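This note sets out points for a colleague to check while viewing the structure. Each point treats one region or one kind of contact.

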Amino acid sequence: MSLDTRYTAETPEGIALSLRPAGITARFGAYLLDLLIRLGILMLIGIVAAFMGGMGAGLWAVTYFLLEWFYPVFFELMPRHATPGKRSMNLTVVMDSGLPITPAASLLRNLLRAADFLPAAYGLAWLSMLCRSDFKRLGDLAAGTLVVYDRNVVLHGKMPDAPALAPARVLSSREQAAVVAWAGRTERLTPARADELAQLARSVLPPTHAQADASKALLGVSQWLLGRRKDTA
């Protein structure tokens, strides 16, 4: 019996992104393989460190620290956005919007493994994943990330540059995901089709921009939603 389900983020034209969150079984298998890899590296370093005295102990301690906290971050920022264990289970880590994971999100979700571990053996992580249809642990909730099967992920292309523009109102998480999803697909759409879809989101554009180029204005809103607000108009 499959323990996985679907997660959808609605696009401006009403089409849902196809994201299939990975269940506990797949994620546990990935975790075990990554654990074995880390233990193997530590054993090799330990053998070398045994001939280095005090310096060897320091080397082992530094290696342990890096593997414990930055092993997942390093691999999640690689093109596959997944550790070797996750790749073996055909998993990848993405943002809630379906976009590739950001460095800040990867760092946050992995630092919060300390909270997920409580009270022991990742008890809070298991409880959180069992209670949610998207199988998010605490780190995923805080970082806005998902662990999904990569063959079902709809990743978007590079977002065109545009001056950041604050939306006319506060947007729900679903509306934010829809705007970002549209912006990531504009390079695969004709200008006419992109503008046609942007017209559906005119309500989120500030009054001073509502009558202007809808596509350009909505691209500015998407930049603002992603935190790129240096050039806010």
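1. Helix 1 (residues 24-49) packs on helix 2 (residues 53-76) at an angle of about 165 degrees, and their axes are 9 Å apart. Axes here are lines fitted to C-alpha atoms, for helices over the stretch in contact, and angles run from 0 to 180 degrees between N-to-C directions. Helix 1 and helix 2 are therefore roughly antiparallel to each other; angles over 145 degrees count as roughly antiparallel, under 35 as roughly parallel, 65 to 115 as roughly perpendicular and the rest as oblique. Helices (H or I, at least four residues) and strands (E, at least two) are DSSP runs, numbered from the N terminus.

2. In the crossing, helix 1 passes helix 2 in a right-handed sense; a crossing is right-handed if the near helix is turned clockwise from the far one by less than a right angle, and left-handed if anticlockwise. Helix 1 contributes D34, I37, R38, I41, L42, I45, G46 and A49 to the contact, and helix 2 contributes G53, G56, A57, L59, W60, T63, Y64, L67, E68 and Y71. Contact means heavy atoms within 4.5 Å. By class, the contact of helix 1 with helix 2 has 11 nonpolar, four polar and three charged residues. Ala, Val, Leu, Ile, Met, Phe, Trp, Tyr, Cys and Pro count as nonpolar, Asp, Glu, Lys and Arg as charged, and the others, Gly among them, as polar.

3. On the basis of the model: it is predicted, local features need pLDDT of at least 70, side-chain atom pairs count only at pLDDT 80 or more, and totals for chains, interfaces and linings use all residues. Residues are numbered from 1 along each chain as its sequence is written, and side-chain values use heavy atoms, with hydrogens and water left out.

4. The protein chain has 11 helices and two strands. From the N terminus on, its elements run α-α-α-β-α-α-α-α-β-α-α-α-α. Of the 233 residues in the protein chain, 43% are buried; buried means under 20% relative accessible area, exposed over 50%, and partly exposed in between (1.4 Å probe, protein chains only). Among contacts between residues at least 6 apart in sequence, 67% join residues at least 24 apart.

5. Which residues of helix 2 meet helix 4? W69, F70, P72, V73 and E76 in helix 2 meet S106, L107, R109, N110 and L111 in helix 4. By class, this contact of helix 2 with helix 4 has six nonpolar, two polar and two charged residues. The axes of helix 2 and helix 4 (residues 103-111) come within 9 Å and cross at roughly 150 degrees. That makes helix 2 roughly antiparallel to helix 4, and their crossing is right-handed.

6. A30 is in helix 1 and is buried, with a relative accessible area of 3%. Leaving aside neighbours within four places in sequence, A30 is in contact with G85, K86, M89 and L91. The C-alpha atoms of A30 and A82, 52 residues apart along the chain, are separated by 9.9 Å.

7. A search of the whole structure finds seven aromatic pairs. Rings of Phe, Tyr and Trp (its six-membered ring) pair if their centres lie within 6.5 Å; planes under 30 degrees apart count as stacked, over 60 as edge-to-face and the rest as tilted. The rings of F74 and F75 have centres 5.1 Å apart and planes at 80 degrees, so this pair is edge-to-face. F75 is buried, at 18% relative accessibility. F117 and Y122 also form an edge-to-face pair, 5.0 Å centre to centre with 80 degrees between the planes. Y31, F117 and Y122 form one aromatic cluster.

8. Backbone geometry deserves a check at several places. Most residues other than glycine have a negative phi, and most peptide bonds are trans. Y122 lies in the loop between helix 5 and helix 6, and its phi is near 60 degrees, a positive value. Y122 counts as buried at 13% relative accessibility. H81 lies in the loop between helix 2 and helix 3 (84-88); the phi of H81 is near 55 degrees, also positive, and H81 is buried at 14%. The peptide bond from L118 to P119 is cis, with omega near -10 degrees.
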